[in-house]
Amino acid sequence: MLFDSTSLGDLTLDNRVGLAPMTRVSATADGCATDRMAQYYAKFAEGGFSFLVTEGTYTDNVYSKGYRKQPGLVTDDHVEAWTQVTDAVHDAGGAIFAQLMHSGAQNQGIPQDADQETIAPSAVQPDGEKNEAYGGDGPYPRPKKATKEDLETAREGFVASAMNAHEAGFDGVELHAANGYLLNEFLSDKMNQRDDEYGGAPEARVRYPAEVVEAVAAAVPDDFVVGVRVSQSMVTDYGYVWPEGEAAAAVFFEALSSAGADYIHTTERYATEPTFGEDGPSLAEAAVEYVVDDTVVIANGSLGTPEAARQVLDDGADLLTLGTSALANPDWPSRVAAGEELAEFDRTRLLEPKATVGDEELLIDASSVDD
C-alpha cells in the first residue's frame, strides 16, 4: 500500500508518503524563501516523497509571525521568493502545500529587543519556555484576549496568504490547527476560556477554526487543496488532551471537514497507538471515523519504520507524513522501495543548536548525513 498511486483532490500522488511540516528558520529576515530552501524541499521530491508540506508560514504582519527567519506569504516579495521553491519541487515530480500558521500565544519573541504582543483565544500564559532552536529565550508572555476585530484580521490573513500561495505555484495549503498555535488554541479548553460563541463546549471551540477553513476554501480555486493539521498536544504542553476525549474529536473532525477541508492531517507522538483510552482509537483512526465522506486522512507520528507506516495505512489512514525520519533519510520512499537500510536520526547534527538548514542536508544521499 505504501507505493500505491492515490489521489488528493485533483492531484494524483505516486505513493502515500509525504514530508511533514518542520520549523527550519532559514528564510531571510523579511520572510522570503531562499534558494537554499528550494534545494532543501526539492531533495525530498527527488527522494520519492509524493507530497511535501512546508514549515509554518506566517499569514499577516500583525500578530501571526512566531519567530525570526520564518517565511511568510504576505507580500509580493514573499510570493516571488516561494516560486523558486514550488518550481524546484514540481521539476522533481512532487506536489507541495504551504502550511499557513498563526503563532497565537506561542511567539518566540519579536523583535529582538522586546517581546511582540501576542493574541490568543483568552489571556492565558502558555506553559514552559521558548525554544532556543527557534531563537526564543525565557517564558512566553501572557497574551491578550483576541477581540472580534483581531479574529477578523487573522481570518483575512489566512485567506489572503492562501491566495498568495496559489499565485506562488503551490498545489494547496494546510491550515495549522495543531501543536498549540492560534487555531489549535481555540480547540483547547485550557487556552480557550471564552464565554462568547467561540468558547465552551467542543461545538463552540471549533467554530472559529471552521470559519477560517470555510473562508479559505471559498476564496481559492476548486482544484486547490485545502487541508487542516490537528493535534491534542501543544508545544508548551505535550501531555494535553481534550477533556471530552473522543466526543471532542468527533465534533472537531466533522466540523472541519464539513467546512471544506480536503484533508485532515493528524499528528501525535505515536500515531499507531490508542489515544482515547487503552482500547480507544488513535487520533488518526478517530479522524477516519468522523470526517465527512471523501475527506482524506493523513497520519503523522513515529511512522519512520516501514512496519509502522504500513500499519497506519492498514488502520485506515489514506496517507502518512514523516518528519525526523525524512531528515535522516531524504530519500526514504526510494530506500524502502529498494529494501535498503535506513539511517538513524541525529538531532544534534540536524536541529541543534539552531534549526537552520545545514549544508549537509542539501545532499541527496542520506547516508552521508548519518556518517
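## Terms and model

Helices (H or I, at least four residues) and strands (E, at least two) are DSSP runs, numbered from the N terminus. This is a predicted model, in which local features need pLDDT of at least 70 and side-chain atom pairs count only at pLDDT 80 or more, while totals for chains, interfaces and linings use all residues. Residues are numbered from 1 along each chain as its sequence is written, and side-chain values use heavy atoms, leaving out hydrogens and water.

## The largest pocket

Let's start with the open space. A pocket is an open set of points on a 1 Å grid over the protein atoms alone, where a 1.4 Å probe fits, with protein on both sides within 12 Å along at least five of seven lines; lining residues have an atom within 4 Å of a point.

The largest pocket has 46 lining residues, and Asn179, Tyr238, Thr267, Glu268 and Asn300 are nearest its centre. Strand β9 makes the top contribution to this lining, three residues. Elements that each supply at least two include β5 (95-101), β8 (172-179) and α10 (324-328).

## The nonpolar cores

A nonpolar core is a set of buried Ala, Val, Leu, Ile, Met, Phe, Trp, Tyr and Cys residues joined through side-chain atoms within 4.5 Å; buried means under 20% relative accessible area (1.4 Å probe, protein chains only). The largest core holds 93 residues, with Val173 and Trp242 having the most contacts inside it. Helix α7 (residues 246-258) provides the largest share, seven residues. A second, separate core of 12 residues includes Leu8 and Phe51.

## Ala146

Ala146 sits in the loop between β7 (144-145) and α3 (148-167). Ala146 is buried, at 2% relative accessible area.

Note on methods: Buried < 20%, exposed > 50% of the residue type's maximum accessible area, 1.4 Å probe, protein only.
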